[in-house]
Structures are given as C-alpha cells and as structure tokens.
Amino acid sequence: MNLTAEQLDTLRHMLGINTPTDAQPKPYRNYAAVNPGDAHYVELAALGAVELGGHSGSYDYYHCTEAGKLA
C-alpha cells in the first residue's frame with residue numbers, strides 16, 4: 001500500500017502514535033471522528049487503510065484496518 005506522508009500522519013494520529021519524540025510509540029486509540037463524506041477518509045477507505053465504523057450525531061467514525069496499522 002503506497003500512502004502519502006499526509007495519509008501516514010493521519011493513520012498515526014488515529015492510533016495516537018504521532019509524537020516524534022516517542023522512542024517506542026504505543027498505540028492507545030484507533031478511531032477518528034470526522035465530518036460525513038470527508039474526502040481524505042473516503043480515499044483512505046478506498047485504499048483499505050481505514051474502514052467506516054459507524055455514525056453518531058453529526059460524525060462518521062473511522063478505524064484503522066490491519067493493513068493501515070502495518071503501514
């Protein structure tokens with residue numbers, strides 16, 4: 001899976017491992033709450049890096065797939 005630096009940063013943020021000073025980052029979450037139809041997440045879903053987990057209120061919730069975690 002070829003992802004851009006921005007896409008990889010999004011996945012790291014979703015997992016809570018986007019702090020550059022962490023010697024060995026430990027994921028502590030796996031979600032993002034975004035506006036429905038957010039093009040960035042729709043593209044990540046088409047690539048297989050994230051999947052739509054559901055809707056709540058005015059947000060879509062996405063989770064990293066195993067492939068997204070490995071990336």
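Trainee: In which sense do β1 and β3 pair?

Mentor: Keep in mind that this is a predicted model. Strands β1 and β3 are joined over 3 bridges, and within this pairing V34 stands opposite D60 of β3. The sense in which β1 and β3 pair is antiparallel.

Trainee: Which residue in β3 is the bridge partner of G54?

Mentor: Strand β2, covering residues 50–56, pairs with β3 in the antiparallel sense over 6 bridges. The two strands form a hairpin with 2 residues between them, and G57 in the turn has a positive phi of about 60 degrees. Within β3, the bridge partner of G54 is Y61.

Trainee: Which residues make up the covered face of β3?

Mentor: In a regular strand, side chains alternate between the two faces of the sheet. The uncovered face of β3 carries Y59, Y61 and H63, whereas its covered face carries D60, Y62 and C64.

Trainee: Which element gives the most to the largest nonpolar core?

Mentor: That core has 13 residues, and L11, M14, Y41, L44, V50 and Y62 have the most contacts inside it. At least two residues come from each of α1 (5–15), β1 (32–34), α2 (39–47) and β3 (59–64). With 4 residues, the element that gives the most is α1.

Trainee: How far apart are the closest N and O atoms of K69 and E66?

Mentor: Both residues belong to helix α3, where being 3 residues apart separates them by about one helical turn. K69 is partly exposed at 39% relative accessibility, while E66 is exposed at 56%. They form a salt bridge, and their closest N and O atoms are apart by 3.2 Å.

Methods
Residues numbered from 1 in each chain as written. Predicted model: local features only at pLDDT ≥ 70, side-chain atom pairs only at ≥ 80, totals over all residues. Heavy atoms only, no water. Salt bridge = Lys/Arg side-chain N within 4 Å of Asp/Glu carboxyl O. Buried < 20%, exposed > 50% of the residue type's maximum accessible area, 1.4 Å probe, protein only. Core = buried A, V, L, I, M, F, W, Y, C linked by side-chain atoms within 4.5 Å. Pairing = 2+ DSSP bridges.
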